[in-house]
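Reader: I am new to this structure and would like to be guided through it. Could we look at it together, one part at a time?

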Amino acid sequence: MGLITTSGIGSGIDVDSIIGALVAFQRDNKVEQFTFEKAFAEATLSGLGSLRSALSELRSSIFDLSSESAFQARTTSSSDTEVANIAAEITATPGNFTLTIDQVALNSKAESGIFTSADDTVGSGRLTIAAGENTFSVDVSSTDTLANIQDNINSAAENFGVTANLINGDNGTIIVFSSTESGTGNDITITNDDASLDSLSTVANAGGAGGVTITQNALDAQITIDGQQVSSATNTFTNAIQDTTITINPDATIGDTSNLTISLDKDAVRTNIAQFVTVYNAFLNVADQLQRPDLDATGILQGDSTLRSLMSQFRRDFSNVVESIDSDFNSLASLGIASTKEGPLQIDTLELDDAIENNFDEISQIFTAEDGIASRFLDRIDQYTGTGGLIDTREETLENQIERVIKAEEDLFFRLNKMEENLRRRFTTMDILVAQSNNTLDFIQQQFATLNNVNDN
């Protein structure tokens, strides 16, 4: 027996309207409730995501102030950077020093005797080129010209920094060897395994001098710092002043001087603190948007317990002193940082500058002590944003809630479909019964009409 999908044929009743009204009565209120619950949960998830992102930015800024190294940066200067430059580690002791150039580092150079041209061949065998502990070899065939030998030296895979150059002069061609290795004891030496290559060697195969002579010896760089001479194989001096690197200009002249300065990088500390305040105020703006009482999307965490609790804890963390500091200089207020009536933080720059100049060591403790500002905030933020933290827990609860609502909505429509099928089945049965009754009534009426006609006749 098929189901009625249009108005009742037998009964004339508008079955579709009746069934539609009954289904809608069961559906509409529930669907509206499900829609609201999903929208609220999704909006809250979005708000928590914005909160997490803002807290992540704040954490990065605070982390930069959490270690003592953030307050131990050094700044350096040189009175003449054309003479020398200096870089310092955070452990370098501040001070002023006078540097004098005694000798810049030199690399080794050597040149051969005169050949007819770059197309000359010299023999065959193997050349071994060294400078200090570095060495490499090049094979020479009887057909290799000076130009070929030059190319083979320069392209050798194990070449540590020796270049060969041909100079074609009026009197003929010479080959010049240059090494990048500077420092005493790093002169170029060229040896061979066949006397035919003596003209390209500093040492002949049978011993004694070859045809290549040293034109510039490798020398150490030497400087004098406050009366103390220091040597280096290169123009870079590591720990000549402890925990620093000094680089002298290879073009500097003997006798040139420069005054070097190492100072505490107070500007970096000032910048980091100002950045922290800026990022915190940006976080406050995000939090304010999330909890504002407007009816638009910006207030999606209005009255939210997680955000409300976090802000209350932050306010306490800011106002509490650092108990481990045994002085009155033990809070952000000591640095001239305080909340305005509107909520954001504000820096009294004069007070901060005074603190940096006169209480620099204590500034570090305010942030880096175990109970310091940075430690408090990092711990607090991690409670909320860390794996398994409060935001994670809230998000998991909301995601489960959305899944439950979706499941309940699916169940509702399943039941409504069954309900509609059942109603249509019942109305179909009713319509058939009504149709049968109408047919029976029509038959009886026809019989009575026939009897009446007979009686009349």
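This is a predicted model: local features need pLDDT of at least 70, side-chain atom pairs count only at pLDDT 80 or more; totals for chains, interfaces and linings use all residues.

Reader: Thank you. In what order do the 3 strands of the open sheet stand?

Author: The order is β6-β5-β9, and the pairing is antiparallel. Strands β6 (134-140) and β9 (188-192) are at the edges with a single partner strand each, so one side of each has no neighbour in the sheet. From one strand to the next, the twist averages 20°.

Reader: How many bridges are there between β5 and β6?

Author: There are 7 bridges, and the two strands pair in the antiparallel sense. As one example, glycine 125 has valine 140 in β6 as its bridge partner.

Reader: Which helix packs on that sheet?

Author: Helix α2, residues 146-155, packs there and touches β5 and β6. The direction of α2 makes about 145° with that of β6.

Reader: Let us turn to β3. Which strand do 6 bridges join to β3?

Author: That is β15, residues 257-264, which runs antiparallel to β3, residues 95-103. Within this pairing, asparagine 96 has threonine 261 in β15 as its bridge partner. Strand β3 also pairs with β11, residues 221-225, in the antiparallel sense over 4 bridges. There, isoleucine 101 stands opposite isoleucine 223 in β11.

Reader: Now a single residue, please. Where is serine 112 found?

Author: Serine 112 is in the loop between β4 (107-111) and β5 (125-131).

Reader: Is serine 112 buried or exposed?

Author: Serine 112 has a relative accessible area of 5%; buried means under 20%, so serine 112 is buried. Beyond residues up to four places away in sequence, serine 112 touches Ile174, Ile175, Ser199, Gly211 and Val212. A polar atom of the serine 112 side chain lies 3.0 Å from the backbone nitrogen of isoleucine 175.

Reader: And isoleucine 246: what is its relative accessibility?

Author: Isoleucine 246 lies in strand β14, residues 244-248. Its relative accessibility is 0%, so isoleucine 246 counts as buried. Leaving aside neighbours within four places in sequence, its contacts include Ala84, Ile86, Leu99, Ile225, Phe237 and Leu260.

Reader: At what angle do α4 and α7 pack?

Author: The angle between α4 (residues 305-319) and α7 is about 170°, and their axes are 10 Å apart. Angles over 145 degrees count as roughly antiparallel, so α4 is roughly antiparallel to α7.

Reader: Which residues of α4 and α7 meet?

Author: On the α4 side they are Thr306, Ser309, Leu310, Gln313, Phe314, Asp317 and Phe318. On the α7 side they are Ile373, Arg376, Phe377, Arg380, Ile381 and Tyr384.

Reader: Finally, which residues of α6 are buried?

Author: In α6, residues 360-368, the buried ones are Phe360, Ile363, Ser364, Ile366, Phe367 and Thr368. What covers them includes β15, α3 (266-291), α5 (349-358) and α7.

Notes:
Residues are numbered from 1 along each chain as its sequence is written. Side-chain values use heavy atoms; hydrogens and water are left out. Buried means under 20% relative accessible area, exposed over 50%, partly exposed in between (1.4 Å probe, protein chains only). A polar contact is a pair of N or O atoms within 3.5 Å; within protein, one must be able to donate a hydrogen and the other to accept it, and residues adjacent in sequence count only if both atoms are side-chain atoms. Contact means heavy atoms within 4.5 Å. Two strands pair if DSSP finds at least two bridges between them. Axes are lines fitted to C-alpha atoms, for helices over the stretch in contact, and angles run from 0 to 180 degrees between N-to-C directions. Angles under 35 degrees count as roughly parallel, over 145 as roughly antiparallel, 65 to 115 as roughly perpendicular and the rest as oblique.
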